[in-house]
Amino acid sequence: MAIPEFIIDLRAHIGHQPLWVPGCTGVVVREGTSEPEILVVRRADNGTWTPVTGIVDPGEEPAAACVREIAEEAGVVATPTRLLSVEVVGPVTYANGDVATYLDTAFRLEWVSGDPYPADGENTEAHFVPVSELPPMNARFERVIARALSDVVVAWFCQ
């Protein structure tokens, strides 16, 4: 996984100590012929299927980070349309001993253009998949995708 330069710089000072990191999740929806399709990627680090996720750069708006991450990771242009949720993910301990907890902001985005492909090496596959054929994912991603497909317009906040 590509580690942003600002995280590398912080780690030079704090080592493996816990780090609070702003993250984003983008659920890209494309209207299919019979049902909506969702953009999914297979992560190179652990082989799991997810929507596109990423780290928000310092000073970057979370929705803009989602748009950037989707373009960088899957070669797809998408427009954010709705805030889905804000929640804490982690702590996560990585193989090198780094510990991070993420404040994840999830958005629904509408597909604008582009055929997905693993654009930057963070993923081994990228596809639009009909909703009825989504691959297995963890509960958080299943919940975020369900919210993106629902008519609920109010964001969900974990309490």
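Author: Rings, cores and strands follow, in that order. This is a predicted model, where local features need pLDDT of at least 70, side-chain atom pairs count only at pLDDT 80 or more, and totals for chains, interfaces and linings use all residues. Residues are numbered from 1 along each chain as its sequence is written, and side-chain values use heavy atoms, with hydrogens and water left out.

Reader: How many aromatic pairs does the structure hold?
Author: There is 1 aromatic pair. Rings of Phe, Tyr and Trp (its six-membered ring) pair if their centres lie within 6.5 Å; planes under 30 degrees apart count as stacked, over 60 as edge-to-face and the rest as tilted.

Reader: Which strands do Trp111 and Phe128 sit in?
Author: Trp111 is in β6 (residues 99-113) and Phe128 in β7 (residues 123-130), 17 residues apart. Strands (E, at least two residues) and helices (H or I, at least four) are DSSP runs, numbered from the N terminus.

Reader: Is Phe128 buried or exposed?
Author: Phe128 is buried, at 11% relative accessible area. Trp111 is partly exposed, at 32%. Buried means under 20%, exposed over 50%, partly exposed in between (1.4 Å probe, protein chains only).

Reader: What sits over the ring of Trp111?
Author: The charged end of Arg30, 5.3 Å from the ring centre. The test is NZ of Lys or CZ of Arg within 6 Å of the centre and within 35 degrees of the ring normal.

Reader: New topic. Which residues touch the most other members in the largest nonpolar core?
Author: Val28, Leu39, Ile70, Ala74, Val76 and Leu109, out of 16 residues. Helix α2 gives the most, with 4 residues. Such a core is a set of buried Ala, Val, Leu, Ile, Met, Phe, Trp, Tyr and Cys residues joined through side-chain atoms within 4.5 Å.

Reader: What is Ile70 in contact with?
Author: Beyond four places in sequence, its contacts (heavy atoms within 4.5 Å) include Val28, Leu39, Val52 and Leu109.

Reader: And Ala63, where is that found?
Author: Ala63 is in helix α2 (residues 62-74). Not counting residues up to four places away, Ala63 touches Pro80 and Phe107.

Reader: Last one. How many bridges join β5 to β6?
Author: 13, with β5 (residues 77-93) and β6 running antiparallel. Leu83 has Phe107 as its bridge partner in β6. β1 and β6 pair in the parallel sense over 11 bridges. Pairing needs at least two DSSP bridges between the strands.
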